[in-house]
Amino acid sequence: FTNQDIFIYIAIGKINPNAIRTPCSQTYISNINRVLFIFFEWAYRKHHIDVDIMRDVDRIRPKQKRKERLSIEEIESCRDNVQDDRERALLELMLSTGLRVGEIAKLRISDIDFDKRKIHIPEGKTDNAERDVFLTIKARNALQKYIGHRWHGFVFRPTRNILDDDVPMTTGSIEDIAKEIGKRGNCHCNTTVHVYRKTFASMEYRRTKDVKYISILLGHSSTAVTEKYYLVDDLKEIEYQALYAA
């Protein structure tokens, strides 16, 4: 093998159709490129080959996809198309806090301070997941109406075969409701909980212009994660407006 072989292999991959006769995607080619780097750098480091044949090969970055989020019009359409108190509570909670689906499923009534409009998240996906998030007035009112006279247990419960408040709704059921709300609201994309989470991040950043604050609210390990996976489109758009505003 030489680096010329690598160049040819990647070039052929770019122009040859895949198994279903469509051109290989940039992401696919990027993954092949990354695996080759990992393998041959390991082989050179372990002295299985004498030459670092990847030295002059350029890394191929995957094409950055635009982050899906809902427009203001779509948000209002979703609000107009919720069918019951549970759906409204879930929708307003997602838009108000940007919680992960697992955090929503684990949310207990005791975690919510309705007077201060604050929710404490005790644990989550990362070390920084323990945090406080805040409720809009709409979210607080929707949650209070849905919870009613319950004072303990999980906030969101299944509707069938439940004898007590200590059985949570599954993450799959929460995702199904989130997607159904989006369908009824004629949203342009599949409205997973993660889409509502990104929508929250985008709206809060445009309101505050504070990446660090958004990163803390989302429970991210660093602001780099927030910028790359949540705010990259907002940052580019705001930069463009600043450069080319009349």
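Which residues of helix H6 are buried? In this predicted model, helix H6 spans residues 137-147, and its buried residues are Ala139, Ala142, Leu143, Tyr146 and Ile147. Seen down the axis of H6, these buried residues fall within an arc of 125°, so they line one face of the helix. An α-helix has 3.6 residues a turn, so residues three or four places apart point the same way.

What does that face meet? The buried residues of H6 pack against helix H4 (85-97) and strand S1 (112-113). Just after H6 comes Gly148, with a positive phi of about 65°.

Now step out to the core. The largest nonpolar core has 38 residues. Leu93, Ile104, Ile112, Leu143, Val155, Phe156 and Tyr196 touch the most other members. Two or more residues each come from helix H3 (72-80), H4, helix H5 (101-106), strand S2 (118-121), H6, helix H7 (171-184) and helix H8 (193-208). H4 gives the largest share, six residues.

Take Ile104 as one example. Beyond its neighbours within four places in sequence, Ile104 is in contact with Leu90, Leu93, Met94, Leu99, Phe156, Ile174 and Val193. Apart from this core lies another, of 11 residues, including Leu36, Phe37, Phe40 and Ile60.

Finish at Phe200, in helix H8. Phe200 counts as buried because its relative accessibility is 4%, under the 20% cut-off. Leaving aside neighbours within four places in sequence, Phe200 is in contact with Met94, Leu95, Ser96, Thr97, Gly98, Leu217 and Leu218.

Technical notes. Residues are numbered from 1 along each chain as its sequence is written. This is a predicted model: local features need pLDDT of at least 70, side-chain atom pairs count only at pLDDT 80 or more; totals for chains, interfaces and linings use all residues. Side-chain values use heavy atoms; hydrogens and water are left out. Buried means under 20% relative accessible area, exposed over 50%, partly exposed in between (1.4 Å probe, protein chains only). Helices (H or I, at least four residues) and strands (E, at least two) are DSSP runs, numbered from the N terminus. The arc is that of the directions from the helix axis to the C-beta atoms. Contact means heavy atoms within 4.5 Å. A nonpolar core is a set of buried Ala, Val, Leu, Ile, Met, Phe, Trp, Tyr and Cys residues joined through side-chain atoms within 4.5 Å.
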